Amino acid sequence: MTNSRSRNEDPRPHELPHYQALLDGTDWASLETPSGPGTGEALPAALARILNPDPVVSAAATDNALREATHQNTIYEATVPVALYVAAILDHPAIAADDFGQDADTPSHRPTLVRLLKWLSDTAYDADVECAAIGERHFGKEFLEEYGQMRAFRDLRPAFFSAVRPFLRHENADVRDAALVAAMPFAEHPVLTAHRVEPVGHARRLLATSTDRYNRDRVLDAMKAWGHDTGDLENADDIAAREHYARLKAERDSWWAADGTDGYSEAPPFRPGARSTGIR
C-alpha cells in the first residue's frame, strides 16, 4: 500500500481509529481500487454518505462505497482503510437508527448495519486461514509477504473482532447472525484463541434456529477448524451440502493437478459460498 497504509494498518491491537480521522487522514486518491491504481478519490464522500440519517440513502451509499473497495475476492489498497471505517461506524447513532421493522415483509430490505457486517464478513473470508493456505500452496510461501494488502487486513483482525463482538447480542436476529459470521474468521487470529468460546456459543444457537445455507456453512466450518465435534448440530441439508462441496473440491484439485489447463475451460469454484469462482 501507499504511505497511508502505515497510518491505518497497525493501531493498537483492539483499538480502531475514529471514523472521521480515517476520512481526513487517509490519502484516498493514491489508493488502488477495483478501477485501478490511484482511483480512490471518490471514497471519502461515498463513505461519509453511509451516515446519512435517511436509511434509503444510507443503504444505497453503503452498496456504492463498498463496491469500490473489493471485487472478486481481491483485497486492494483501499480495502483496509475502508474496512477500518466500516468497523468504526458500526455503533454510530445514524446506523443504529435504521428501522429494522421497515418493510419487514420485503426480503430485499436489509438495514445498513446488516449490510456493513455482511461486507466485513465477506472480506474476512477473503483473507482467512484457508485463503492464505490456498495462496501459499499455489503461489509459494512468500504469498502473504508479497500480498501486503491481505497481510495488513489479517493483522487487524483483533480490532475488527472487537468492533463486531458487541453485536453478537443485538436484539435483531439478522444482526446477530451477520455479526457472528464476521466474528468467526476474525477470531482465527492467534491472539484471540481464548475469545473463541463466545462465538462458538452463538454458533450453536444459530445452528439450532437458522436455515440460511451460507451462515450454517460458515459457522460449521469454523467450529470444525477449532476442533469442535459438530455431528449433533448438523442436519440432513448440512450433510448434503458437505458432500456437494467435497465433489467441488475434488474437481478443483483435479484442475490444479492439471495446471489449470487440461479438461476445463475455466477454474471450478475454489470456496463454497464465495463471492466469485476464482482466487485473486
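The legends below describe several close-up views of one predicted model.

Residues are numbered from 1 along each chain as its sequence is written. In this predicted model, local features need pLDDT of at least 70 and side-chain atom pairs count only at pLDDT 80 or more, while totals for chains, interfaces and linings use all residues, and side-chain values use heavy atoms, with hydrogens and water left out.

**View 1. The largest nonpolar core has 74 residues.** A nonpolar core is a set of buried Ala, Val, Leu, Ile, Met, Phe, Trp, Tyr and Cys residues joined through side-chain atoms within 4.5 Å, where buried means under 20% relative accessible area, exposed means over 50%, and partly exposed lies in between (1.4 Å probe, protein chains only). The residues with the most contacts inside this core are Leu47, Val82, Leu90, Phe153, Met184 and Phe186, a contact being heavy atoms within 4.5 Å.

**View 2. Leu90 and the residues it touches.** When residues up to four places away in sequence are not counted, Leu90 touches Ile95, Leu113, Leu116, Leu117, Leu120, Ala163, Val164 and Phe167.

**View 3. Helix H10, residues 148–155, is mostly covered.** Helices (H or I, at least four residues) and strands (E, at least two) are DSSP runs, numbered from the N terminus. Six of the eight residues of H10 are buried, namely Gly148, Gln149, Met150, Ala152, Phe153 and Arg154. Phe153 also belongs to the residues with the most contacts inside the largest nonpolar core.

**View 4. Arg218 and Asp221 form a salt bridge.** A salt bridge is a side-chain nitrogen of Lys or Arg within 4 Å of a carboxyl oxygen of Asp or Glu, and by this rule the count comes to 12. The closest N and O atoms of Arg218 and Asp221 are 3.1 Å apart, and because the two residues are three apart in helix H14 (residues 213–225), about one helical turn separates them. Arg218 is buried, with a relative accessible area of 6%, whereas Asp221 is partly exposed at 40%.

**View 5. Glu234 forms salt bridges with Lys224 and with Arg242.** Between Glu234 and Lys224 the closest N and O atoms are 3.4 Å apart; Glu234 lies in the loop between H14 and helix H15 (236–257) and Lys224 in helix H14, so this pair ties together parts that are 10 residues apart in sequence. Glu234 counts as buried at 18% relative accessibility, while Lys224 is partly exposed, with a relative accessible area of 32%. The side chains of Arg242 and Glu234 meet at 3.2 Å, N to O, and Arg242 is partly exposed at 36%.
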